[in-house]
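Biologist: I have the sequence and the coordinates open. Can you walk me through what the terms rest on?

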Amino acid sequence: MNATLRQTASSMVEPLTAHGLVHCYEDSQVLRGIDLALAPGSVLGLIGRNGAGKSTLIRILLGLIQPQDGQARVFGEPALQLSDAAKERIAYVPQQPEALAWLTPLQMFDYLGRFYPRWDHAFAKATLARWQIQPNRVMAKLSPGERQRVELIRALASQPELLVLDEPAAALDPVARRELLREIALRAGEAGATVLFSTHIVSDLERVASDVAFLHEGKLLLHCAVDDTKERYARLWLPASQRAAAPTLSLSRRAHEDGSLSLIVERNARGAWPEAAQLPGARIDALGLEDLFVEIAE
Amino acid sequence: MNTLARWYHAPAWLLGRWIATPVILLLALTMATFAGTLADVFSLSATTGVTAIMQVTLAGLPPLMAAAWWNLIGGRALSLCFRVNRMRLPHLRAQLLPALVAWAVLTVLLPAVALASHGGHWGMHLALLLGAAALGVLCIALPRIVGLLLVAACLCGGMWLARTHTLAILASRALLPWEWITAMALFALTMVTCARRLRRAMCSPHDAWLMRIDTLGDTCAQLDNLHAASTSGSAKLKGGAWQRFATALGPPWALPSVQATTLQIGVLLLLTGTCVVMGMEHWHGKPIPRIEWLLMLLPLAGAQVALMVRHRLVDAAASLALLPGLGSAAQCRQRIGLGLGRPLGLFALYVLLAVLGVAFYQQLPWSWLVWAALWTLSLLALDIVAGVHAIRSQPLPEFLLCVLCFVIALPACLSLAHSEHPGIGMLELWGVFTALVGLYGWLVWRGWRRQPHPLLAA
């Protein structure tokens, strides 16, 4: 196999895959058999409520936590035994960056940059200046937002093929958030990087994500393209007189005080809504991404 | 990669950087000074008879107890109080405030009255106890190293006062008006400083870590849940008597489990037992030199250092685990182990030198030194390995194990120094040592085999 073929084969390997991930913290089961695969070049937004297990899932996917069952693979390698070659292609920004807090941003870049073959020193310095972060101040003394931005620069400067961000916008102001989203879009669009990020901010997700996955009660719901969600899912409203005809399969089900029922339903394989949508008084409402998540999570 | 670059790249350089050599030297010197002064005082007291040692005991131990209590428990309850206040949890606040007052009465007011009834002026005793309690809280609010140095400096000063009998003279007279004003102003200033720094720690995890109140984390998570429950009306906060008592103890005992309560009772028993034994001036009719106590404290010092390294390791684990260039799991283990071993080995060496200095000065038997040094170094080494393998620390078993070793080793220490058959004491000591190191070693070995990678979370 020549070099070009090897490179093509390597780029075809799914950057992240997971099969049957199960994990518990003491008496609560956080993940209940998660299956996931990220296509190369995709931007997956992972969304879920507080404590849903997003951070745990991300850490397991990267091999930072050993799951109780199931297996995660990064670039085809077991996540728990990543080679240096695979690690060079990954960048991860944790939710609360705490490591190396006793270094200044410049010292940290100097230190970490030596580990990565494609480290972009110019980018790191320029972005640091553009984001107005003091380069010679110990990171422990930076604000949480500044710390997170330094971590983002660190992640981007290594020019990763897989960028994993755990709530990257949580501590950022709107301007910094916009910059971050632009960088993510650039990396995914121009460099072909695969991005996985978790967030609470649905508008961010709609802006840059190509796919969305909703983690709820330990399971991944709605893993599909962002553009498909409006077409595939809707709210079916049934009056009290038609409650008995409600479909058994639905993503959520809510009974109202007047006896009516609303359900989140999905189109079937033929692209049709459930039969109950044709009943007299029944109504199908299109939902935005945020409304969809609220309906399911509540 | 050349040697310098390899050293530069070693993660342990990052993890161990906080133990700069000058800091280690300063700590070792302070410990040696403190050890020497303390040993000197007790030796002198033992030779000058019961009156002298009683003066030291009466004047010195209650403030020491007050400082320890407010450092371990009261200060944390105080910081919890700030958080509860900010979260507007009136039930918990109502439990904490009276408890803090009760602890103040029990640890400051009552001892002052009791001491005054045995001699000396109540005002001076009260001032000493208040100062000690404030010092205890201050040590939580200050960065770890500063707090440690402050405690060591105060202890050295206190010992010097006791050694020159100034403490006994001071305690026997009333405070002058200007002394009252100065003492109260200092106390108020200290408490304001503590309050400001503790509030700051509430907003910054890094500050909280520096100030040694990062153990608030679990309690705060519970508080968040309670807060959510109370605001949503889905649950009511219960206030049983046992919970009030436990809440009063502050983190890590607030909102406790049975395990945490057991630990808290254990701390109380240990503190009480320590004071009782420290108050003993004779064993089988012979005076007791107290240098043995210092040797017993060495493993604790080593464990504290290893614990700090563990914190650093856990904080940096995620970043380091994904860093290319550290090699396979086995290579990574080796590099971290070697890198961590360097600063900690230096620390152990300095401690050992300090002990040797004290022992030489006190003309202690060499068997003691071999035992103390081996115990310290072995535990330190095992702690490093445990840290590398991210083995979770289990406070209750570790604490019970320490108490057990302490209880077994104490009579052995005393009999070893004064018994006609020192071999039995030495045998007992070596037994405890071997059992402890063996058990700990087994736990570490088990962790080693189970952990797929040294930097992965358990």
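Modeller: Start with chain B. Of the contacts in chain B between residues at least 6 apart in sequence, 80% join residues at least 24 apart. This is a predicted model.

Biologist: What makes two residues count as a contact?

Modeller: Their C-beta atoms must lie within 7 Å.

Biologist: How many helices and strands does chain B have?

Modeller: Chain B holds 18 helices and two strands. Buried residues make up 36% of its 458 residues.

Biologist: How do you know how confident the predictor is in chain B?

Modeller: By pLDDT, which runs from 0 to 100. Chain B averages 62, and 29% of its residues score at least 70. Helix α6 (residues 122-141) of chain B has the highest mean among the elements of that chain, 81. Helix α2 (residues 11-16) of chain B has the lowest, 38. For the complex, the predictor gives an ipTM of 0.81 and a pTM of 0.61.

Biologist: Where in chain B does pLDDT stay under 50?

Modeller: Over residues 1-24 of chain B, where the model has 38 contacts beyond four places in sequence. Residues 209-218 of chain B also stay under 50, with 24 such contacts. Where pLDDT is low, the predicted coordinates should not be read in detail.

Biologist: On to chain A. Why is strand β8 (residues 194-199) of chain A called mostly covered?

Modeller: A residue is buried if 20 or more other C-beta atoms lie within 10 Å of its own. Six of the six residues of β8(A) are buried, so the strand is mostly covered. Thr194(A), Leu196(A) and Ser198(A) point one way, while Val195(A), Phe197(A) and Thr199(A) point the other way.

Biologist: How do you know that β8(A) pairs with strand β3 (residues 43-48) of chain A and strand β7 (residues 162-166) of chain A?

Modeller: Pairing needs at least two bridges. Five bridges join β3(A) to β8(A), and the two run parallel. Five bridges also join β7(A) to β8(A), again parallel. Leu46(A) stands opposite Ser198(A). Leu163(A) stands opposite Val195(A). From β7(A) the chain crosses through helix α7 (residues 174-191) of chain A to β8(A), in a right-handed β-α-β crossover.

Biologist: What makes β12 (252-255) and β14 (283-286) of chain A edge strands?

Modeller: Look at the order of this open sheet in chain A: β12-β13-β11-β14, with antiparallel pairing. β12(A) and β14(A) each have a single partner strand, so one side of each is left without a neighbour in the sheet. The twist averages 25 degrees from one strand to the next.

Methods: Residues numbered from 1 in each chain as written. Chains lettered and ligands numbered in written order. Predicted model: local features only at pLDDT ≥ 70, side-chain atom pairs only at ≥ 80, totals over all residues. Helix = DSSP H or I, 4+ residues; strand = E, 2+ residues; numbered from the N terminus. Buried ≥ 20, exposed ≤ 12 C-beta atoms within 10 Å, placed from the backbone. Axes fitted to C-alpha atoms, helices over the stretch in contact; angles between N-to-C directions. Right-handed = clockwise from strand over helix to strand, strands pointing away.
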